[in-house]
Amino acid sequence: MKRFLKLYSIEQKLFFRSADVFIFNLCMPVAALVLIALIAGEKAAGDSGMTYFQSAFAALTSVGICCSAFMSILIVMVDYRDKKILKHFYCSPCSPVWILGADILCSAVMAALSALLVWLTATAGFGYRMEGNVLLFIGAWLLTLTSMFSIGLMIAALCRTVKTMNVVTSLVYFPMLLLSGTMIPYELFPKGLQRAVDVMPLTQGVKLMKAASVGIWPESVCGSAILLIVITVLCGSISVKSFRWE
């Protein structure tokens with residue numbers, strides 16, 4: 001346990017020193033929340049029963065999840081493999097569980113800090129109070145985190161080179177960030193685009209968190225939860241079986 005904690009502490013320090021993590025995980029969602037609050041915070045978000053600010057709060061707590069899953073985990077694992085760092089770990093008493101566990105924990109901490117900053121900004125700066133169930137919201141957030149991390153780990157296990165990882169990351173991260181309702185409110189999309197982006201798992205996670213935050217439970221919520229659970233099991237299994245040291 002002491003060895004794992006030592007490995008985790010070193011990895012976490014490296015995460016905090018990363019400018020990309022600081023900007024995209026911590027600063028960007030807070031800045032987006034402030035802009036939405038100032039521009040259209042109290043306006044009704046379509047026929048969703050929420051204001052744009054309520055919708056933005058739930059959605060922007062998932063930005064840290066998206067950044068951690070499709071940037072942090074991917075970049076660290078593939079970069080370590082490409083630089084032969086994982087190969088050196090293979091010759092040590094360190095196990096794949098330790099490395100993956102430390103990286104996952106570091107990424108989860110950054111995602112949680114991102115969500116916490118969004119919550120502090122919303123409550124302290126704009127008087128936000130969650131109308132739904134806080135515990136259900138946390139559960140929805142954790143389910144979304146788990147499913148997105150499983151996808152990120154699967155991609156990290158399958159990508160062998162940094163070049164391949166950069167291409168895959170761009171194809172996955174930016175559509176998820178821009179079209180799943182995280183940065184741009186889902187309610188602003190035309191109906192056709194909404195149906196198209198519904199295939200993204202992060203879209204379903206955002207819908208689940210919105211429902212929990214306002215206490216409005218459409219019929220599709222159960223389907224969203226089941227989909228995220230299936231993705232977690234499937235992608236998690238593939239990532240474990242596909243993991244390679246080099």
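Is phenylalanine 57 buried or exposed? At 1% relative accessibility, phenylalanine 57 counts as buried, where buried means under 20% relative accessible area, exposed means over 50%, and partly exposed lies in between (1.4 Å probe, protein chains only). The structure is a predicted model, in which local features need pLDDT of at least 70 and side-chain atom pairs count only at pLDDT 80 or more, while totals for chains, interfaces and linings use all residues. Residues are numbered from 1 along each chain as its sequence is written, and side-chain values use heavy atoms, with hydrogens and water left out.

Aromatic pairs were examined across the whole structure, and the search finds six. Rings of Phe, Tyr and Trp (its six-membered ring) pair if their centres lie within 6.5 Å; planes under 30 degrees apart count as stacked, over 60 as edge-to-face and the rest as tilted. One of the pairs joins phenylalanine 53 and phenylalanine 126, whose ring centres are 5.5 Å apart. Their planes stand at 55 degrees, so the pair is tilted. This pair links distant parts of the chain, since phenylalanine 53 is in helix α3 (residues 52-60) and phenylalanine 126 is in helix α6 (residues 96-126), 73 residues apart. Helices here are DSSP runs (H or I, at least four residues), numbered from the N terminus. Phenylalanine 53 is buried, at a relative accessible area of 6%, whereas phenylalanine 126 is partly exposed, at 33%.

Phenylalanine 57 takes part in another ring pair, with tyrosine 128. The two centres are 4.3 Å apart and the planes are at 35 degrees, so this pair is tilted. Because phenylalanine 57 lies in helix α3 and tyrosine 128 in the loop between α6 and α7 (134-158), the pair ties together parts that are 71 residues apart in sequence. Tyrosine 128 counts as buried, with 5% relative accessibility. Ring pairs link Phe53, Phe57, Phe126, Tyr128 and Phe137 into a cluster.

Charged side chains were considered next. Side chains of opposite charge can pair when their charged atoms come close. A salt bridge is defined as a side-chain nitrogen of Lys or Arg within 4 Å of a carboxyl oxygen of Asp or Glu, and by this rule the count comes to two. In one of them, the side chains of glutamate 187 and lysine 210 meet at 3.1 Å, N to O. Glutamate 187 lies in the loop between α8 (162-179) and α9 (191-197) and lysine 210 in helix α10, so the pair ties together parts that are 23 residues apart in sequence. Glutamate 187 is buried, with a relative accessible area of 16%, and lysine 210 is buried at 5%. Apart from its neighbours within four places in sequence, lysine 210 is in contact (heavy atoms within 4.5 Å) with Met50, Ser55, Ala58, Ala59, Tyr186 and Glu187. A salt bridge is also formed by aspartate 198 and lysine 207, with the closest N and O atoms 2.9 Å apart. Aspartate 198 is partly exposed at 23% relative accessibility, and lysine 207 is partly exposed at 25%.

Helix α11 has 23 residues, which at 1.5 Å a residue should span 33 Å; the end C-alpha atoms are 33 Å apart, which agrees. The expected span is 1.5 Å times one less than the number of residues. The buried residues of α11 are Val221, Ser224, Leu228, Ile231, Thr232, Cys235, Gly236, Ser239 and Ser242, and these residues pack against α7 and α10 (201-214). Serine 239 has its place in helix α11 (residues 220-242) and counts as buried at 8% relative accessibility. A polar atom of the side chain of serine 239 lies 2.7 Å from the backbone oxygen of glycine 236. With neighbours within four places in sequence left aside, the contacts of serine 239 are Leu153, Met154 and Ala157.

Cysteines were also checked. The structure holds zero disulfides, a disulfide being a pair of cysteine sulfur atoms within 2.5 Å. For cysteine 66, the nearest cysteine sulfur is that of cysteine 67, 5.7 Å away. Cysteine 66 is buried, with a relative accessible area of 0%, and cysteine 67 is buried, with a relative accessible area of 0%.

How values were computed:
Helix = DSSP H or I, 4+ residues; strand = E, 2+ residues; numbered from the N terminus. Polar contact = N/O pair within 3.5 Å; in protein donor to acceptor, adjacent residues only side chain to side chain.
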